[in-house]
Amino acid sequence: MTDTEKASVGSIDETVFDAKLDKVWRKVDIYVLPVVAMFYLLSFLDRTNLGNARVAGLQTDLKMNNYEYCVALTVTYIPYIIAELPSNLVLKAVGPNLLLPTMLTLWGIVTTLQGVVTTYQGLLACRFFLGLCEGGVFPGLVLYLSFWYPRRQLQSRISAFFSTASLSGAFSGLLAYGIIRMNGVGHRPGWAWIFILEGLFTVLFGLSSFLTLPHSPGRARFLTEEEKEYVVARLRETGATGLQDEADSFSWNEIWKAFTLPHVFTPSILSGLGYTNVDAQLYSVPPFAAAFVVSIVVSYLSDRYGARGIVTIFSGILATIGFAMFYASHSPHIKYGSLFLSITGAYNGAPALSTWNANNTAPYTRRATAIAIGFIMTNSGGILATWLLGTLSPAPLYTKATLTLLIFSILMVVFSAMNIGYLASQNRKKATIRDTTSREDEALGLGDRSAWFPYSL
């Protein structure tokens, strides 16, 4: 970020800044982040428990071959992708404190029902409705957090709940190991109890979250009236929300605009490069632990300096080195070491890209659409990864898959650099406009195209 851009951000951010009241964000962290993190943890557990159930005998009991197992995974993604945009568009109208807990509770019920299926067709039906109920959760959580925190404080919060996936990668296997020892209880196999117990816990937490998930800063019961006013003012001044409530109202035109913005599609395309499923196939606890630690440090630096693109490039370089090592080496030790780089690169890139999209789109409808586009691309990449790391590229070498992900990692670096260049040029044009006119003279409803909305680089 240039000195001019820093100055422009500072001039906007400092307008209503109050050092005493600014401690309110820690209060928001305490009341909002744990609930959001648990949402994503349960989402990730419910997505990975099929693999644990497979190890415990699901595939054998339902008489599935490897191809049918991949189909079962793919069936989840189709409704998942379909649900993401509509869910984000209605999130504000329905209320996140109602819609997100409803989705959580419903997918918990479907997860539980997977424990009573006796046929392959029954499993496919459950996987379809699981994707339908769960599809709006992650884009909804990112959108939800984007109207709780100023733009320069968002990535550390997204990383905080996203990093629970790396913890669940280790936790889910240990949990499944204990649950499958219930084999025969209630005349059900051990794999069935994985679904039943994890699903029931999800249902219970979903019901409790109707009481614990706050609606919005303006209606948060844990904030004083002074704190509410300060939070709302800071969000408006930093561009996290519109200056007027009307600016964030629903608009079909804003949906269309989101599909025409170059800076929306670059992070969205990068999100779809299949990284989100690497962890499911190249599972190892220590690389996940390393990814968790690095993601927290990097997200802090990204928020501190507003460097979304640099973090994305750094993540792409890590992933490139990791996949290159895995592809080129025949040594098990080097292949194992490569996981620390590839998995860390994947886990750092995802929150940075999500934040980049959320930071650079406004008003509400345009941002909701942009975030959904990103996750649609992500889960499209997930379909590719499911087959690449399954029947198309068998273990233990994963040759075709590793080569494909290596190419995508290189493209991630290239496209990120191009997007930084584009956004920097737009910021220079906006700086020129700010030097020659006043904010009062600017047309209303421009959103991120406003000269007083500098893009995050």
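Contact here means heavy atoms within 4.5 Å. Helices (H or I, at least four residues) and strands (E, at least two) are DSSP runs, numbered from the N terminus. The model is predicted: local features need pLDDT of at least 70, side-chain atom pairs count only at pLDDT 80 or more, and totals for chains, interfaces and linings use all residues. Residues are numbered from 1 along each chain as its sequence is written, and side-chain values use heavy atoms, with hydrogens and water left out.

The protein chain has 19 helices and zero strands. Of its 457 residues, 59% count as buried (under 20% relative accessible area; exposed is over 50%, partly exposed in between, with a 1.4 Å probe and protein chains only). Among contacts between residues at least 6 apart in sequence, 82% join residues at least 24 apart.

Axes are lines fitted to C-alpha atoms, for helices over the stretch in contact, and angles run from 0 to 180 degrees between N-to-C directions. Helix 2 (residues 24-55) packs with helix 6 (residues 120-134) at an angle of about 160°, and their axes are 12 Å apart. Helix 2 is therefore roughly antiparallel to helix 6 (angles over 145 degrees; under 35 count as roughly parallel, 65 to 115 as roughly perpendicular and the rest as oblique). The crossing of helix 2 with helix 6 is left-handed, meaning that the near helix is turned anticlockwise from the far one by less than a right angle; clockwise would be right-handed. On the helix 2 side, Ser-43, Asp-46, Arg-47, Asn-49 and Leu-50 take part. They meet Leu-123, Arg-127, Leu-130 and Glu-134 of helix 6. Three of the residues in this contact are nonpolar, two polar and four charged. Ala, Val, Leu, Ile, Met, Phe, Trp, Tyr, Cys and Pro count as nonpolar, Asp, Glu, Lys and Arg as charged, and the others, Gly among them, as polar.

Helix 2 also packs with helix 10 (residues 190-212), at about 160° and with axes 10 Å apart. This angle makes helix 2 roughly antiparallel to helix 10. Their crossing is left-handed. Contact residues of helix 2 include Tyr-31, Val-35, Phe-39 and Leu-42, and those of helix 10 include Trp-191, Ile-194, Phe-195 and Phe-201. The residues of the contact of helix 2 with helix 10 divide into 13 nonpolar, five polar and two charged.

Burial was then considered. In helix 7 (residues 137-146), ten of ten residues are buried. Among them are Phe-138, Gly-140, Leu-143 and Tyr-144. Ala-368 lies in helix 18 (residues 364-388). Its relative accessibility is 0%, so Ala-368 counts as buried. Ala-368 touches Asn-88, Leu-89 and Leu-143, not counting residues up to four places away in sequence. Leu-85 is 283 residues from Ala-368 in sequence, yet 7.6 Å away in space, C-alpha to C-alpha. Cys-70 is buried at 4% relative accessibility, and Cys-126 is buried at 11%. The structure holds zero disulfides (pairs of cysteine sulfur atoms within 2.5 Å).

Backbone geometry has some exceptions to note. Most residues other than glycine have a negative phi, and most peptide bonds are trans. Lys-63 has a positive phi, near 55°. It sits in the loop between helix 3 (58-61) and helix 4 (66-94) and is exposed at 72% relative accessibility. His-187 also has a positive phi, about 60°. This residue is in the loop between helix 9 (164-179) and helix 10, exposed at 80%. A cis peptide bond joins Ala-362 and Pro-363, with omega about 5°. Pro-363 lies in the loop between helix 17 (332-359) and helix 18.
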